[in-house]
Amino acid sequence: MGRLTRPLIGLTGSHELRQSAVPGVPLQAVMLTDDYARGVERAGGLPVVVPYLADEASAIELGMRLDGLVLTGGNDVDPNLYGQEPLQGLGALEPERDRLEMLLVQVMRREQKPVLGICRGMQMLNVVLGGTLYQDLPRQWKGKIQHSQKAPRNACTHTVKLKPGSRVAQCYGKTAIRVNSFHHQAVKDLAPLLKPVGWDSEGLVEAAESDGRWPVVAVQWHPENLWREDEGAMALFHWLVEAAASRAADLASSGM
């Protein structure tokens, strides 16, 4: 019965059109690598991939039942959501995913449930909370560091400096780490509810946290590819699961 007490952690994924075995019948699927779910599972959580439900009320109810949320990596965020026109260098968009994740973040914020944002997830969190993005780093950012690495996904290629005392620094147990990097968008103006806690050597924001009671951690790198060898990456998943379990316990003790 102990397994039934694990916090339920939602994982978002991309909505993709796939080849169907039936000619003329499109097959839509939620696509997400197993590394996210297995990281949550290893940390003691019960992962569930969030489906693309037809009824918005159903998505809200699902969000209410979750104990925590991982916003995962994926395609670009629609710049119209942060008041900009699309610029040269903008990649593929997923408006349906944007809508779903905005809805889930709003539920998590209202209920003060923990969120871990990874890569696109960090960007989406920032946009939902009122921030903006660089649509394409090679065209808009002054730096020269390669953020779309050519190395394998579990290889760490550049340095990130962490703010002492931040949740991310506590997870890693140090204030300078090396990370993997697979993005061409990034935080430009950070949302008022977030504070920067990690930067590359050129000043680009690589990690952020909530500035208040709502437990939020967002990182621009991909800990789901690193947790097998990297204790700090694994600790990010532990942080989420422990925060979700603590929140669920508080609700239970209050009779809600």
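Predicted model: local features only at pLDDT ≥ 70, side-chain atom pairs only at ≥ 80, totals over all residues.
A charge sits over a ring if NZ of Lys or CZ of Arg is within 6 Å of the ring centre and within 35 degrees of the ring normal. With that in hand, I looked up Arg 153, which lies over the face of Phe 182, at 4.2 Å from the ring centre.

Residues are numbered from 1 along each chain as its sequence is written, and side-chain values use heavy atoms, with hydrogens and water left out.

**Entry: the largest pocket.** I found about 240 Å³ of space in the largest pocket. Of its 18 lining residues, Tyr 36, Gly 73, Gly 74, Arg 153 and His 222 are the closest to the centre. A pocket here is an open set of points on a 1 Å grid over the protein atoms alone, where a 1.4 Å probe fits, with protein on both sides within 12 Å along at least five of seven lines; lining residues have an atom within 4 Å of a point. The volume is the space filled by probe spheres set on the points. Strand 2 (14–18) and helix 1 (34–42) each give at least two residues to this lining; helices (H or I, at least four residues) and strands (E, at least two) are DSSP runs, numbered from the N terminus.

**Entry: aromatic pairs.** I searched the whole structure and got two aromatic pairs. In one of them, the ring centres of Tyr 172 and Trp 221 are 6.2 Å apart and the planes stand at 70 degrees, so I logged the pair as edge-to-face. Rings of Phe, Tyr and Trp (its six-membered ring) pair if their centres lie within 6.5 Å, and planes over 60 degrees apart count as edge-to-face. Tyr 172 belongs to helix 6 (residues 167–172) and Trp 221 to the loop between strand 13 and helix 7, 49 residues apart. Tyr 172 is buried at a relative accessible area of 9%, and Trp 221 is buried at 0%; buried means under 20% (1.4 Å probe, protein chains only).

**Entry: Pro 223.** I placed Pro 223 in the loop between strand 13 (216–219) and helix 7 (231–253). How buried is Pro 223? Its relative accessible area is 0%. Leaving aside neighbours within four places in sequence, Pro 223 is in contact (heavy atoms within 4.5 Å) with Ile 118, Ala 233, Leu 236 and Phe 237.

**Entry: helix 4.** Nine of the nine residues of helix 4 (residues 120–128) are buried, so the rest of the structure largely encloses this helix. Gly 130 follows helix 4, with a positive phi near 105 degrees.

Terms used:
Buried < 20%, exposed > 50% of the residue type's maximum accessible area, 1.4 Å probe, protein only. Phe/Tyr/Trp six-rings, centres within 6.5 Å; stacked < 30°, edge-to-face > 60°.
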